[in-house]
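Thank you all for coming. I would like to walk through one structure with you this morning, taking a few places in turn, and I will bring it up on the screen now.

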Amino acid sequence: MFSARVLCVRPIGVTSDFCPVCRQERRFHLAQAERKRFFLCFDQGREGQPHHELTCFVCACKCERTAGERPIEILPDPKSAGNYEPDSLPIVQSRIADCVAMEQALLAGKLKGEDREEMIRYTIFSFARIYDEDPLERIKPWVLLLIVAAIFVLLILGITATKQSDSMIPLFSAFGAIGVICFALMYWVTTHSPRKRVRTWLAASLLPLDPTREEIRKARREMQASRLKAGDQIRSDKVLSKIKQMKLKLK
């Protein structure tokens, strides 16, 4: 609440890319995401470089891309985000074409060797930055401060009313209201924080590839070598367990 790192996301427009979950070219909502340091609820400036966050129109999965792939000199007004589409560098179309070609090879049973490893690596790295997130990282400090203040006020009012009335009902009511506030916060985190859903997206993306534990670990080691926290956050056993659950549902 007093000193925090917050991920600030600003809508930019729309774009096209390869969706690792849908496993085909899709349209995406495009947003700029950057981490900022807040102290006493005041913005202290940006940490690191901004990146682009893409949200698929169809499956709603979120993945990250470097901002340099879609260079924007002046960010448009968020109100025009539904119409604005920035130009993409040729590398974007090249990547889409490569992914589509590998997907066709996968469906034909011909995706093997280095191409298979690259597809697994691409899929895992697409969600790497989301794995680095804290579930509360998208909530501004002043919002958390208001929540804590509301809890304290309710608690004080409940205790005061209980003493004046010699009844426990006001205190129980205060605890009930506090419980509702905490539930609402957890519900928001569960439904809005991509960190809570990223393992499902990753498992759905890897399901057709049916990776082994060693193939996932290899990608993790690359992340660790690049000092990406996702290299430690991703658990091969949990991802494989999620894939197994999805396979059972498809039967």
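Predicted model: local features only at pLDDT ≥ 70, side-chain atom pairs only at ≥ 80, totals over all residues.

Let me begin with the helices. Two packed helices are described by the angle between their axes and the distance between the axes, and I will give both values for each of the pairs I discuss. Helix H6, which covers residues 198-206, packs with H9 at an angle of about 65°, and the two axes are 9 Å apart. Because angles of 65 to 115 degrees count as roughly perpendicular, H6 is described as roughly perpendicular to H9. The crossing of this pair is right-handed. On the H6 side, the contact is made by Arg-199, Thr-200, Leu-202, Ala-203, Ala-204 and Leu-206, and on the H9 side by Lys-238, Val-239, Lys-242, Ile-243 and Met-246.

H7 contributes Arg-213, Ile-216, Arg-217 and Arg-220 to the contact, while H9 contributes Ser-236, Asp-237, Val-239 and Leu-240. The residues of the contact of H7 with H9 divide into three nonpolar, one polar and four charged.

Now let me turn to a single side chain, that of His-51, which lies in strand E3, residues 42-56. Is His-51 buried or exposed? Its relative accessibility is 6%, and therefore His-51 counts as buried. Setting aside residues up to four places away in sequence, His-51 touches Leu-7, Ala-31, Gln-32, Ala-33, Glu-64, Arg-65, Ala-67 and Arg-129. With Arg-129 there is also a polar contact, in which the two side chains are joined at 3.4 Å.

Arg-195 and Arg-129 are 66 residues apart along the chain, and their C-alpha atoms are separated by 9.5 Å. What does the side chain of Arg-195 reach? It reaches the backbone oxygen of Tyr-131, at 3.3 Å. Apart from its neighbours within four places in sequence, Arg-195 is in contact with Ile-130, Tyr-131, Glu-133, Pro-135 and Gln-233.

Ala-60, in the loop between E3 and strand E4, 62-66, has a phi near 70°, which is a positive value in a residue other than glycine. With 35% relative accessibility, Ala-60 counts as partly exposed. Asp-210 sits in the loop between H6 and H7, and although Asp-210 is not a glycine, its phi is positive, at about 50°. The relative accessible area of Asp-210 is 41%, so this residue is partly exposed.

That is where I will stop, and I am happy to return to any of these places on the screen.

Note on methods
Residues numbered from 1 in each chain as written. Heavy atoms only, no water. Contact = heavy atoms within 4.5 Å. Helix = DSSP H or I, 4+ residues; strand = E, 2+ residues; numbered from the N terminus. Nonpolar A, V, L, I, M, F, W, Y, C, P; charged D, E, K, R; others polar. Buried < 20%, exposed > 50% of the residue type's maximum accessible area, 1.4 Å probe, protein only. Polar contact = N/O pair within 3.5 Å; in protein donor to acceptor, adjacent residues only side chain to side chain. Axes fitted to C-alpha atoms, helices over the stretch in contact; angles between N-to-C directions. Parallel < 35°, antiparallel > 145°, perpendicular 65-115°, else oblique. Left-handed = near helix turned anticlockwise from the far one by under 90°.
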